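I opened my notebook to look up side-chain contacts in this model. Here is what I jotted down, entry by entry.

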Amino acid sequence: MNKPLVTAVALLAAMQPVFAADNLADIEKAARAEGKLFSIGMPDSWANWKDTWQQISSKYAIAHQDTDMSSAQEIAKFAAEKENATADIGDVGGAFGPVAVAQGVTQPFKPSTWSDIPNWAKDADGHWMLAYTGTISFLINKDLVKKNPTSWHELLSGKYKITVGDVGVASQANNGVLAAAYAMGGSEKNLKPALAFFGKLAEQGRLSLNDPTIANIEKGEVEVGVLWDFNALNYRDQIDPKKFDVVIPSDGSVIAGYTTIINKWAKNPNAAKLAREYIFSDAGQINLARGYARPIRSNVALPDDVKAKLLPPAQYAKAKPVADQAAWEKSSKALPRLWQENVMIHMQ
């Protein structure tokens, strides 16, 4: 007689989120018990995640595994898998943080350093918060390019190919378009100048469909790559510092950040929270700086050898953060269609 009630109760229990502790001591204890953490979009080679994962593993006995993917793909994975989650935490471009919240795929957690994070760089409820920022730059293969371009406008007169990546999907590629828009007199609301610019490159047969990954760069398949400065500097030094130059375009660039998002249905929610806590600690912020990213917390003292990794401040004179986040979110959503209509149509 009570079987339907028992079944309903069991079903309700199965639908409840995995237990996540509230205070740091309990989070650490529960995270150690979980003993594992699955991330997406946080590979070793990106912003020096390698050191953070190694330290978390060593300090808390948590095994880690990452699967690299774009910001849009990360959110789609959370949404598609739901209770069958295979990922606990991801790292997405700043514009994708509010998108993830709107889709209802995240859970909030404010690290103990919450007050050190500028208000513009975080969600009031703690669903997302930028851990580091990057600026769009050019990575130039000097073996393949005779004269370094120093601006977007200069790119049009070159003979080399430009690799921007998967526009409409990857946050780095999207921000490359926005940086070009800034240089060409556009804005978050008006990407037309940038789309016309990349359309001209496509007409010239100089827009490469390759991704500016370290593997493709190492193989010599990227002549001029449009990347975050932290990726460009990292790849340069990993492959051959003498072979590459990194330049912030002098006529305009964008400064943007990346945020962790914790899966609403994470199987290891405490390990994910502990990871976010560590990422915002002094050690975690210095790790990001060692990966050439600029930590969001300004009160972290960087070692001299870490400071030396970064480009001179003068190169950032025309770089600026997103002024209208809401407009950029809207434009980002429209970008896949706009890119197809204005750029890919001209590909030779």
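**Entry on salt bridges**

I began with D245, which forms a salt bridge with K142, the closest N and O atoms being 3.7 Å apart. My rule for a salt bridge was a side-chain nitrogen of Lys or Arg within 4 Å of a carboxyl oxygen of Asp or Glu. D245 lies in strand β9 (residues 244-247) and K142 in the loop between β5 and α6 (152-155), so this pair ties together parts that are 103 residues apart in sequence. I took helices (H or I, at least four residues) and strands (E, at least two) as DSSP runs, numbered from the N terminus.

A note on the source: this is a predicted model, where local features need pLDDT of at least 70 and side-chain atom pairs count only at pLDDT 80 or more, while totals for chains, interfaces and linings use all residues. Residues are numbered from 1 along each chain as its sequence is written, and side-chain values use heavy atoms, with hydrogens and water left out.

I then checked accessibility, calling a residue buried under 20% relative accessible area, exposed over 50% and partly exposed in between (1.4 Å probe, protein chains only). D245 has 24%, so I wrote it down as partly exposed. K142 has 36% and is partly exposed too.

My next pair was R290 and D305, a salt bridge whose closest N and O atoms are 2.8 Å apart. It links distant parts of the chain: R290 sits in helix α12 (residues 282-290) and D305 in helix α13 (residues 304-307), 15 residues apart. R290 is partly exposed at 28% relative accessible area, and D305 is partly exposed at 44%.

How far apart in helix α14 are R337 and E341? They are 4 residues apart in this helix (residues 325-342), so about one helical turn separates them. I found a salt bridge between R337 and E341, with the closest N and O atoms 3.3 Å apart. R337 is partly exposed, with a relative accessible area of 46%, and E341 counts as partly exposed at 46%. I also noted that salt bridges with shared partners join D116, D282 and R297 into one network. My count by this rule came to 11 salt bridges.

**Entry on aromatic rings**

I turned to the rings and found 14 aromatic pairs. Rings of Phe, Tyr and Trp (its six-membered ring) pair if their centres lie within 6.5 Å; planes under 30 degrees apart are stacked, over 60 edge-to-face and the rest tilted.

W46 and Y258 make an edge-to-face pair, 5.4 Å centre to centre with 70 degrees between the planes. W46 is in the loop between β1 (36-40) and α3 (49-60) and Y258 in strand β10 (residues 253-263), 212 residues apart, so I logged a link between distant parts of the chain. Both W46 and Y258 are buried.

Is the pair of Y132 and Y258 stacked or edge-to-face? The ring centres are 5.6 Å apart and the planes are at 5 degrees, so the pair is stacked. Y132 is in strand β5 (residues 130-141) and Y258 in strand β10, 126 residues apart. I read 0% relative accessibility for Y132, which counts as buried, and 3% for Y258, also buried. Ring pairs link W46, W49, W53, Y132, W228, F230 and Y258 into a cluster.

**Entry on charges over rings**

Last, I looked for NZ of Lys or CZ of Arg within 6 Å of a ring centre and within 35 degrees of the ring normal. K122 lies over the face of W114, at 4.3 Å from the ring centre. R294 lies over the face of Y316, at 4.6 Å from the ring centre.
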